[in-house]
Amino acid sequence: MTQDNLMSKIVSLCKRRGFVFQSSEIYGGLKSSYDYGPLGTELKRNLAAKWWRSMVYERDDIHGIDASIIMHSDVWKASGHLKNFTDPLVDCFNCQARFRPDKVPSVAPGTKVEYKSAKDKKKIISSEVKECGYVCPECGSTDLSKERLFRGMFQMPLGAVDPVQEFVTKNYDSGLSKEEFLKELQKEIADSSVYLRPETAQAMFVQFLNVLNTTSAKVPFGIAQIGKSFRNEIVVEHFIFRSCEFEQMEMEFFCEPGSHKNWLEYWKNERLEWYKKFVNSPESFRLRQHTEKERAHYSNDCYDVEFLFPWGWDELEGIASRTDYDLKKHSEASRTKLSYFDPNKKDPETGKDGWRYTPYVIEPAAGLTRLMLAVLCDAYKEDKQVDAKGEEKIRVFLKLDPSIAPFKVAILPLLKKDGQPEKAKEIAQALRKKGLHVSFDDASSIGKRYAKHDEIGTPWCMTIDGDTMEKGTVTLRDRDTTQQETLTVEEALAKLIGFLSL
Ligand code: GAP
């Protein structure tokens, strides 16, 4: 299986089995917008729950919040996003592609290149690479626009009044030149605009004091959040890997200045190890340190957890040392002291008892929707099986860790009679009461049902047959080995509950 092939098989499985659908599909779909179907929703929720468990429930130094997506626009002014959250953008005049010049390979200026004319496919154009040092990544053309800056945040008006209509009504006869009119209009729109958050992080800085004052938190401590973020991405790519609407799992860890290097070391290792615990190929996860040029405006060091996607190594999570940048910026802009007082420390400047300082921050920031794609790539397996007729068949299965599998077990009555469906429903209900997501499935032949549950990653299938009714035994089939064992109903229930409560 080639890696290109793997990606198209995953996209097809996601659609066929109800993991991910194109948004607004019946209207032709909306580029880069996806809806998570019944199984995708479960997988995503299980991944989020796993992150929350390791970040919040298993520790006593991290508190969770759930902040609003729309925040005061001054937040984005203070954080630097309004100024810095921009990407360079270039248009190709030949094929009309739009791309980020900082993401394309460089080609030495002056290099002779040839490309096909988009208007006349038979025409080959010869040209030289210009000063910019790149060509169009789609068609290889050198006929490119200048670089422009493109704002990555979605802007929208807040309130009942349409600011454009208001402005035009007021200034229709004002005698302003076209340029002045446009400038004033843009200012009016900006003044009445809010932004969809491009990261969940800022709310955790803005709510630093409220969390500190309402919990017994002491530095070092963290604030965690899972939620949607929005970026007006120039290039959306690789299915749900890069989209305009996505989910993040971020944690801001506030620590004493001077301790941040140790905490960065701690968190980068902690986060890498977390992934390795529930995947099949831990060697497909690695850390990569950012070069100075790559780092965001707020960061003095940063590592990415990268995953070996079908197209190569790419980012899954960033672990950034954000210094005291954000708390200081919000302190200045809001005139609120976002600092911490430690009565047990001496102030390093004065030598006096008690130290008030602005904490430094280490931020592990992971993409939830991106992680879902990574675990699907990691779990997709094919093996050869011999069917009942003795023919060799390719079996597809998702080798998902049971803790993240959408269904934990499928309960399958062999026949739709002799009390088997009723017994199967009774067992399914007993497991549901224990909190497991269970599928009752009597839809088709037992072979087809096994194949379906292999493909959606259900770790076990429990078959209810004549022996269940007579002797109280069931067969439990393992997804990965396809081996079946016969157990009493009680043994099977105890085994499943034992596995899944880990
Ligand atoms: N608060 C820091 C921050 O947002 P980031 O590296 O820009 O850092 C963190 O984003 C993670 O969010 C990324 O590692 C990635 O997993 C995910 N992410 C970012 N942009 C995304 C997009 N357009 N689509 C899907 N996931 C995205």
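## Gln202, tucked away

In this predicted model, Gln202 has a relative accessibility of 0%, so it counts as buried, the cut-off being under 20%. You'll find Gln202 in helix α7, which runs over residues 201–206.

What does Gln202 touch, once residues up to four places away in sequence are set aside? Its contacts are Met71, Val75, Trp76, Ser79, His81, Arg322, Asp326 and His330.

Next up is Asp301, found in strand β15 (residues 301–309). With a relative accessible area of 17%, Asp301 is buried too, because the cut-off is under 20%.

Leaving out neighbours within four places in sequence, Asp301 is in contact with Leu264, Gln289, Arg295, Ile319, Ala320 and Ser321. One of these, Gln289, also has a side chain joined to that of Asp301 by a polar contact of 2.9 Å. Arg322, which turned up among the contacts of Gln202, sits 21 residues from Asp301 in sequence, and their C-alpha atoms are 7.8 Å apart in space.

## Around the ligand

Now for the ligand. It is surrounded by 21 residues, and the closest are Glu199, Glu233, Ser243, Glu250 and Glu315. Sorted by class, this shell holds ten charged, seven nonpolar and four polar residues.

Which strand gives the most to the shell? That's β16, with five residues. Strands β13 (245–255), β16 (312–323) and β19 (360–367) each supply at least two.

A few atom pairs are worth a look. A polar side-chain atom of Glu250 lies 2.4 Å from a nitrogen atom of the ligand. An N or O atom in the side chain of Gln248 is 3.0 Å from a ligand oxygen, while for Phe241 it is a polar backbone atom that lies 3.4 Å from a ligand nitrogen. On its own, the ligand has 560 Å² of accessible area, and the protein covers 91% of that.

In soluble globular proteins, nonpolar side chains tend to be buried together. Here, the largest nonpolar core has 58 residues, and the members touching the most others are Phe19, Leu43, Leu47 and Leu373. Helix α11 (residues 368–379) gives the most to this core, namely nine residues.

Take Leu43 as an example: not counting residues up to four places away in sequence, Leu43 touches Phe19, Met372, Val375, Leu376, Leu400, Ile404 and Pro406. Apart from this core lies another one, made of 19 residues, including Val409, Leu436, Trp460 and Leu493.

Note on methods: Residues are numbered from 1 along each chain as its sequence is written. This is a predicted model: local features need pLDDT of at least 70, side-chain atom pairs count only at pLDDT 80 or more; totals for chains, interfaces and linings use all residues. Side-chain values use heavy atoms; hydrogens and water are left out. A nonpolar core is a set of buried Ala, Val, Leu, Ile, Met, Phe, Trp, Tyr and Cys residues joined through side-chain atoms within 4.5 Å. Buried means under 20% relative accessible area, exposed over 50%, partly exposed in between (1.4 Å probe, protein chains only). Helices (H or I, at least four residues) and strands (E, at least two) are DSSP runs, numbered from the N terminus. Contact means heavy atoms within 4.5 Å. A residue is near a molecule or strand if one of its heavy atoms lies within 4 Å of it. A polar contact is a pair of N or O atoms within 3.5 Å; within protein, one must be able to donate a hydrogen and the other to accept it, and residues adjacent in sequence count only if both atoms are side-chain atoms. Accessible areas come from the Shrake-Rupley method with a 1.4 Å probe; for residues, only the protein chains shown count as cover. Ala, Val, Leu, Ile, Met, Phe, Trp, Tyr, Cys and Pro count as nonpolar, Asp, Glu, Lys and Arg as charged, and the others, Gly among them, as polar.
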